[in-house]
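Please keep the sequence and the structure in view while reading.

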Amino acid sequence: MKRKILWLLPFFVLLLVGIGFVDWGSFGRLSDFDVGVAGDGELDAVLQRIRDEEGVPALAALLIHRGKVVESGAVGVRAIGLPERVTVDDRWHLGSITKPMTATLAAVLVQEGVIGWETTVGEVFPDLAETTRPEYAEVRLDELLAHTSGLAEKTPNPIVPNSSESTTPLVAQRRQWTSELLALPPETQRGKHLYSNASYVVAGAMLEAVTGRPWEELMQQHLFTPLGMTATGFGPPGTVGESPDEPRGHRRVDGNLRPLQPDQKADNHPAVGPAGNVHTTLSDLAKFTAAHLAGLRGEGGLVAAETFKELHTPATGTKYALGWNIRTHSHSGGHVLYHHGTNRFWYATVWLAPERDFAILIVTNAGDAVGQKGADVAIQAVTDRCNAAFE
């Protein structure tokens with residue numbers, strides 16, 4: 001059974017470190033070509049066709065079905081103008097796909113009794129009471145993770161230094177930034193959904209405050225190591241040099257995509273970490289995604305089944321759970337959980353379809369509308385390949 005690409009997800013303006021939503025109600029025809037069947041060995045050819053049409057430097061994908069990797073592929077170059085080709089083992093910047101990871105870390109700590117979903121900003125930061133707006137004092141951890149705290153959509157420029165060479169510990173930087181954020185007027189009323197990078201900075205600072213350890217160490221100990229994510233880290237992947245050892249992010253200069261060295265200029269301020277600066281490989285990301293797919297089947301693992309359910313249940317009156325967008329999508333068999341991410345130089349998508357028990361991971365090293373469009377078309381192509389193989 002052969003499937004064809006018939007629609008494309010619409011464009012949206014990219015946020016600082018990710019996309020908070022997608023409007024599923026409007027699709028447009030892009031192209032009409034045969035995408036084959038999952039497992040037929042043609043995934044690279046399909047990705048190459050999409051890469052050629054959309055103009056992304058590189059494109060990679062992985063499909064999980066019933067807890068197992070069915071296929072993965074990677075095409076293109078690590079940096080435009082250089083010969084090094086991407087591989088399925090390369091590392092990619094995830095942007096806001098870090099958010100479901102931070103929420104999952106919070107779930108582990110909640111389950112361990114270190115913090116509670118209902119723990120408030122005021123309880124964790126009593127020393128900031130004089131400067132914290134009264135609207136935030138009773139805001140809970142789960143409200144920050146569900147984007148219903150009322151905090152601003154984007155993070156303002158912080159007082160803390162914007163340099164990876166700063167000697168100020170990141171914990172102190174995030175705490176300083178948190179104090180600034182909590183002093184700002186709310187952008188919307190508490191309980192109303194507003195996608196907010198700032199809320200995840202505050203949530204990360206709360207986890208650091210109750211544990212006394214940096215968010216990065218907490219992620220490594222409680223998430224990456226238990227899941228076997230040995231190739232996962234923070235910031236731009238790779239080392240600075242003439243020949244790229246990992247995919248490099250690209251920015252648009254005079255209308256053309258140009259590669260960036262993997263230094264601090266290729267990422268957001270490191271204090272934004274809990275909102276979006278993880279990098280990883282497709283296989284490592286698959287381990288994280290498979291854990292959540294198992295949770296959607298009612299199974300425990302990293303956390304108990306009931307805790308997974310809390311992570312996957314949307315906040316009242318919203319379509320966002322704790323780190324996951326939720327929408328109905330008939331082509332994927334029902335409802336889907338997903339998140340997109342970009343720091344403007346890479347683009348990534350994670351897509352979970354629990355009714356059909358599959359998940360799709362897409363990454364590319366272009367973060368503007370070109371990267372988003374290429375990822376959107378790839379999501380449709382791999383979904384069609386999966387449906388053709390397993391319907």
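The model is predicted. The protein contains 11 helices and 11 strands, and 58% of its 391 residues count as buried.

**The protein as a whole**

- Of the contacts between residues at least 6 apart in sequence, 70% connect residues at least 24 apart.
- The protein exposes about 14,700 Å², and carbon and sulfur atoms supply 50% of that area.

**Helix α2**

- Helix α2 covers residues 98-111, which amounts to 14 residues.
- From its first C-alpha to its last, α2 reaches 20 Å, close to the 20 Å expected at 1.5 Å a residue.
- Most of α2 is covered, with 13 of its 14 residues buried.
- Gly113 follows α2 and has a positive phi, near 80°.

**How α2 meets α6**

- Two packed helices are described by the angle between their axes and the distance between the axes.
- The partner considered here is helix α6, residues 197-211; the axes of α2 and α6 come within 11 Å and cross at roughly 30°.
- Because angles under 35 degrees count as roughly parallel, α2 is described as roughly parallel to α6.
- The crossing in which α2 passes α6 is left-handed.
- On the α2 side, the residues that meet α6 are Lys99, Thr102, Ala103, Leu105, Ala106 and Leu109.
- On the α6 side, the residues that meet α2 are Asn197, Tyr200, Leu207 and Thr211.

**Two loop residues with positive phi**

- Asp254 is located in the loop between β5 (250-253) and β6 (256-259).
- Although Asp254 is not a glycine, its phi is positive, at about 55°.
- Asp254 counts as exposed because its relative accessibility is 77%, and the cut-off for exposed is over 50%.
- Arg344 is located in the loop between β9 (334-341) and β10 (347-353).
- Arg344, a residue other than glycine, has a positive phi near 90°.
- Arg344 has a relative accessibility of 39% and therefore counts as partly exposed.

Notes. Residues are numbered from 1 along each chain as its sequence is written. This is a predicted model: local features need pLDDT of at least 70, side-chain atom pairs count only at pLDDT 80 or more; totals for chains, interfaces and linings use all residues. Side-chain values use heavy atoms; hydrogens and water are left out. Helices (H or I, at least four residues) and strands (E, at least two) are DSSP runs, numbered from the N terminus. Buried means under 20% relative accessible area, exposed over 50%, partly exposed in between (1.4 Å probe, protein chains only). Contact means heavy atoms within 4.5 Å. Accessible areas come from the Shrake-Rupley method with a 1.4 Å probe; for residues, only the protein chains shown count as cover. The expected span of a helix is 1.5 Å times one less than its number of residues. Axes are lines fitted to C-alpha atoms, for helices over the stretch in contact, and angles run from 0 to 180 degrees between N-to-C directions. Angles under 35 degrees count as roughly parallel, over 145 as roughly antiparallel, 65 to 115 as roughly perpendicular and the rest as oblique. A crossing is left-handed if the near helix is turned anticlockwise from the far one by less than a right angle, and right-handed if clockwise.
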